[in-house]
Amino acid sequence: MTPMTIDTFLPLLFWLLMGVAMLAYVALDGYDLGVGMLLPLAGTDAHKDHMVASIGPFWDANETWLVMGVGLLLIAFPKAHGVILGALYLPVAVMLMGLILRGVAFDFRVKAQAQHKPLWNFAFFAGSLITSLAQGWMLGRFVTGLAETPPAYAFSAWVMLALPAAYVLLGACWLILRTEGELQQRAVVWAKAAWPGLVLALALVSVATPLVSDTVRERWFSLPNLLALLPIPLATALALVALRALLNSHRVAGPKGKLCWAPLLLALSVLVLGAFGLAFSLYPYVVLDRYTMWEVASATESLKFIAVGAVLVLPTIAGYTVFVYRVFGGKTTALRYG
C-alpha cells in the first residue's frame, strides 16, 4: 500500500469536503424546495403562509452550502470544474433561474395585494420545481460521467424525477416537525403519499446505475466490495420501513406528537446513506471514468493555501447553521415582516 503524502492527501481532503458541502446543501435546501413544491396542496392562504414561514429563517442560508461545494470544485479541481460546468451549462442556467424566481416570489408574496398573491404562490412553487428538476438532471449526468449515450440520458431523466420526490418527502417531514394542527395532519398525508414514489425511484436508480456504468457495476459486485457496500442498502431499506411505520403513529402528529422530529431524521438518514453509496461508487474520480482527483487537482502549494481558508470558513458556516437552527427552533409562528 502506497503511503499517504501531502500531495495525495490534500486532493482527497478537498474531494471529501466538496462532497460534504453538496450533501449539506441537498439535505438542508432539499426540505425547503420540497415545501415549495407542496405549496399548491395547502388548503388555505393561512396554511400557505405558515408553510413559507416554516422555512423563512433558513432557506437563504441553506444555499450557502451550494456555493461552497461549487467553489471547492473550482479552486481545488479547476479542470474538472470546466468540464462539468461546460457540459451542464444549460441545466445550471435553468437551476439559477429557478432559484431567482423562488427568491423573488418568497419576498413579493408577503407584500403583494390579495389578487396578486396566487401569482407569487405559483411562482414560488414553479421556482422550487424547476430548481429540483434541474438538480436531478445534473446529478444523473454527473453519476454517468457526463456520458453522451441514450442509456445515460434516460438515466439522467429518471434521476431528474427521483430527486424532487425525495425533496417532497423531506418537505413533508419538515412540516411535521415545524407545524401543528390541521397543517401537520396534512403533512403526514403528504409524507405518506410521497413515500412510495421515493422508494420506487431509489429502487430503479439502484438497478439502473450499474447498468449504465461499467465502473460502478464492477465496483458494486466484486469481492470484497460487495460485502463492504451491502450494509448501505440494508440500512436504507430499514430507515424507509421505519419511516413509513412511524407515519402511522399517533406519536408523530397531534397533541401526543412527541416524535415529530423522527420522520425528518429518518428521511435525512436515507440521503446520507445514499451519499455514502455515491462516494463509494465514484471514488477516486471527480468525473467518472475521466479524471481522478489527483489528475485534476490544483498544485499542492495552492491546495495548502486554500486549506487554511477552508479550515476557517467551513466551521464558521457550520456554526452559523447550527446557531440559526437553535435560535429559530420549535414550532413555526405566523409569517410577519416588519
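**E63 counts as buried, at 15% relative accessibility (buried means under 20% relative accessible area, exposed over 50% and partly exposed in between, with a 1.4 Å probe and protein chains only).** Welcome to the first close-up. This is a predicted model, in which local features need pLDDT of at least 70 and side-chain atom pairs count only at pLDDT 80 or more, while totals for chains, interfaces and linings use all residues. Residues are numbered from 1 along each chain as its sequence is written, and side-chain values use heavy atoms, with hydrogens and water left out. The partner of E63 here is R102: the two form a salt bridge whose closest N and O atoms are 2.6 Å apart (a salt bridge is a side-chain nitrogen of Lys or Arg within 4 Å of a carboxyl oxygen of Asp or Glu). This pair links distant parts of the chain, 39 residues apart, with R102 in helix α6 (residues 89–111) and E63 in the loop between α3 (59–62) and α4 (64–76). Helices are DSSP runs of H or I with at least four residues, and strands are runs of E with at least two, numbered from the N terminus. R102 is buried as well, with a relative accessible area of 0%. The structure as a whole holds eight salt bridges.

**In helix α9, R186 and E182 pair up about one turn apart.** Their side chains meet in a salt bridge of 3.5 Å, N to O, and the two residues are four apart in the helix. R186 counts as partly exposed at 26% relative accessibility, and E182 counts as partly exposed at 48%.

**In helix α10 (residues 214–221), R217 and D214 are separated by about one helical turn, because they are three residues apart.** The closest N and O atoms of this salt bridge are 2.4 Å apart. D214 is exposed, with a relative accessible area of 54%, whereas R217 is partly exposed at 34%.

**T209 sits in helix α9 (residues 181–212).** This residue is buried, with a relative accessible area of 7%. Setting aside neighbours within four places in sequence, T209 is in contact with V143, F155, V216 and W220 (contact means heavy atoms within 4.5 Å).

**Helices α2 (residues 45–55) and α8 (residues 150–178) cross at roughly 95°.** Their axes come within 10 Å; axes are lines fitted to C-alpha atoms, for helices over the stretch in contact, and angles run from 0 to 180 degrees between N-to-C directions. The two helices are therefore roughly perpendicular to each other (65 to 115 degrees; under 35 counts as roughly parallel, over 145 as roughly antiparallel and the rest as oblique). From α2 come M51, S54 and I55, and from α8 come W174, L175 and R178. These contact residues divide into four nonpolar, one polar and one charged (Ala, Val, Leu, Ile, Met, Phe, Trp, Tyr, Cys and Pro count as nonpolar, Asp, Glu, Lys and Arg as charged, and the others, Gly among them, as polar).

**C173 and C260 have sulfurs too far apart for a bond, at 11 Å.** For the sulfur of C260, the closest cysteine sulfur is that of C173. A search of the whole structure finds zero disulfides (a disulfide is a pair of cysteine sulfur atoms within 2.5 Å). C173 is buried, with a relative accessible area of 0%, and C260 is buried at 11%.
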